Amino acid sequence: MHLVETGGLTKRFGVRLALDSVDISVGRGVTGLLGANGAGKTTLLRLVLGLARPDSGTITVLGKDPHHDGASVRARIGWSAEHDTVPGDVRAQDLVRHLAEVHGLPARAALGRASDALNEVGLAEERFRPIGTMSTGQRQRVKLAMAIAHDPALVLLDEPTNGLDPMQRDDMLHLIRRIGTEFGLDVLVSSHLLGEVERICDSVIMLAEGRVVASGRLVDLRTGDDSLVVEVDGDAAPIVAALTAAGIVVEADGTSAFVAPVDDDGRVFDEVRDAVVAAGVGLRRMQRRTASLEDLFLAGVATATPEEAAE
Amino acid sequence: MTDARILDRGYRRYEGPRLGPMSALRSITIHTLRRILGLRRPARAKVLPVIVILIAYLPAIVIVGIASFAKFAVNELPSYAGYFGTVFTSVLLFVTFVAPEALCPDRRTKLIGQYLAGPVSRAGYLAAKVVAVMSVLLLVTLGPQLLMLVALALEGAGPDGINGFMSTLGRIVASGVAVSAMLTVLALAVSSFTDRKAFASVGFIVFMTITSIAAGIAYEDGEGRPWAALLSLTALPVELAFRIFGVPAHCTTSFRDSECDELLFPDVSTAAVVGAVVVWTALAAVVLWWRYRKVEVA
């Protein structure tokens, strides 16, 4: 069963089309919801939570219609908003426990799970501190603990690394990955940062102008063409020249990396080996080329909005 | 036998019972009560509620003291109805502080979005807030009079017989609940226009003052406009308490005597007073709902 499934989902705000016939399915693991600001990510999350009514199409969340069974769907979802949603003068443990109770846990269970959740996000020592005295990174962790304390069936995270410095961002991404793997919770994380999603997600859904431009498992989406990426320690120019002379089409990329189409008989591998040896440089990397999320996103946007891509 | 223990159990799934939406509302009510009373918060958050509660109870404690040690003065003590007039300023001060504390921080910190993204409806959220504020307000509208009733009954200075006791108890509860409900919804409605507590408190005081001044001017100037008094939101709750405690029938006619001195609007019928309280409360509830019907979550 898919956690979230939509069919022809459309949502308008006046004349603006926020979501245009969106067909997606969110499965197990960590799924990234990618798109620029205004692409429709937050609208989609609001529809998943049953807080907005679609103009047309269908949406099923945890096997239910979130608009009609909103309370029961939302009780099983852990939500972490993009902006700060934590009062500064309340202790972290009190707030996390309160939110767990709001999501249906009895008081005693909520207290125990609040402690556990804060422990899991690395705030065991700080749990009795007022949230206002915590750093931005710690407050984001409190929000994460609020989202997981009631053991949700689906965790929704809206731009969870907003406002974090590079080190805090790294920790947060690691934590989200742990939630999806070690904790066994399914996560839908929205972000406009492709690199982040690439690091932590099993699957992605890319939105542009309210339309889905790509969706699926990351390993499937990133399967590239038959090209080979070769990266060397040193100047790649002699190698490029040698391969070109051997009749291989080479596309140089910077000073030390290039790609060459791989043929069936493996002659390219031999030619690359010989050219590297002849150039006297070290071979740092040689692998089949995989498409980056950025490549996929740009290709998707170009397909979805050809007029804008042409500009 | 070994001392080995596993301290880090890792993340565990929850297999226990999950309670329904009512439990969520109960949790919001309790959380709001704690917030209002400053519980589990810094000491400075407890100062104002404690002072106001003391002020509200002080007259009751003095009255009980007089009844105990100066029985000759019992007849000079204020009536139960008159007690509202005595402590109404502190009741008003209390709700001025309590309602913004209950409502504004949730919007300012966007915690309300966290609630609405859970199994809580907007109506349920507002109901929980009303219950919380009203419960705290009952501490100062109901509590002191109950204390007076029980203490005076024990001193032998209370109402006559079990019927008298139960009748007075019923009137204390009815007036306390009605006045608390009206002030709660009015104060929450005013607070719903801002996410800053200070603005909400000042706004409520200004609103109460302006309506009362306007009512006073219209009442004094207007021959044949006794209903104008019903616009006074500071006098109306006190008048309602008088009416609930029973006003001699002749007081609402032109044959008034000293028994009617406590009445603020002697030429307005009790039905009109009750109707005005209901209308004001309903109007404030509509405003409150209208302000919250489209609060953004994400």
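**Close-up views of a predicted two-chain model**

A search of the whole structure, which is a predicted model, finds 26 salt bridges over all chains, a salt bridge being a side-chain nitrogen of Lys or Arg within 4 Å of a carboxyl oxygen of Asp or Glu. Local features need pLDDT of at least 70 and side-chain atom pairs count only at pLDDT 80 or more, while totals for chains, interfaces and linings use all residues; side-chain values use heavy atoms, with hydrogens and water left out. Residues are numbered from 1 along each chain as its sequence is written, and chains are lettered from A and ligands numbered from 1 in the order in which they are written.

**View 1. A salt bridge between A:Asp84 and A:Arg139.** The side chains of these residues meet with an N to O distance of 3.0 Å. The pair links distant parts of the chain, 55 residues apart: A:Asp84 lies in the loop between β6 and α3 of chain A, and A:Arg139 lies in helix α5 of chain A. Helices (H or I, at least four residues) and strands (E, at least two) are DSSP runs, numbered from the N terminus.

**View 2. The open sheet of 6 strands in chain A.** The order of the strands is β6-β7-β8-β4-β9-β10, with mixed pairing, where two strands pair if DSSP finds at least two bridges between them. The edge strands, each pairing on one side only, are β6 (77-80) and β10 (211-217) of chain A. From one strand to the next the twist averages 15°. Helix α5 (residues 136-148) of chain A packs on this sheet, touching β6 and β7 (154-158) of chain A, and its direction makes about 165° with that of β6(A); contact means heavy atoms within 4.5 Å, and axes are lines fitted to C-alpha atoms, for helices over the stretch in contact, with angles that run from 0 to 180 degrees between N-to-C directions. Within the sheet, β4 (residues 30-34) and β9 (residues 203-208) of chain A pair in the parallel sense over 4 bridges, and A:Leu33 stands opposite A:Ile205 in β9(A).

**View 3. Strand β1 of chain A and its antiparallel partners, among them β5(A).** Strand β1 (residues 4-13) is joined by 5 bridges to β5 (residues 56-61) of chain A, and there the bridge partner of A:Glu5 is A:Thr60. Antiparallel to β1(A), strand β3 (residues 25-26) of chain A is joined by 2 bridges, with A:Glu5 opposite A:Ser25. The pairing of β1(A) with β2 (residues 16-22) of chain A is also antiparallel, over 4 bridges, and A:Arg12 stands opposite A:Leu17 in β2(A). These two strands, β1(A) and β2(A), form a hairpin with 2 residues between them, and A:Gly14 in the turn has a positive phi of about 65°.

**View 4. The contact between chain A and chain B.** The contact takes 41 residues from chain A and 34 residues from chain B. The area buried between the chains is about 3500 Å², of which carbon and sulfur atoms give 51%; buried area is the accessible area (1.4 Å probe) that two parts lose on being put together, summed over both. A:Trp79, A:Asp89 and A:Val102 supply 16% of the area that chain A buries against chain B, more than any other three residues. Between the chains the count is 3 salt bridges, and B:Arg12 forms a salt bridge with A:Asp116, the closest N and O atoms being 2.3 Å apart.
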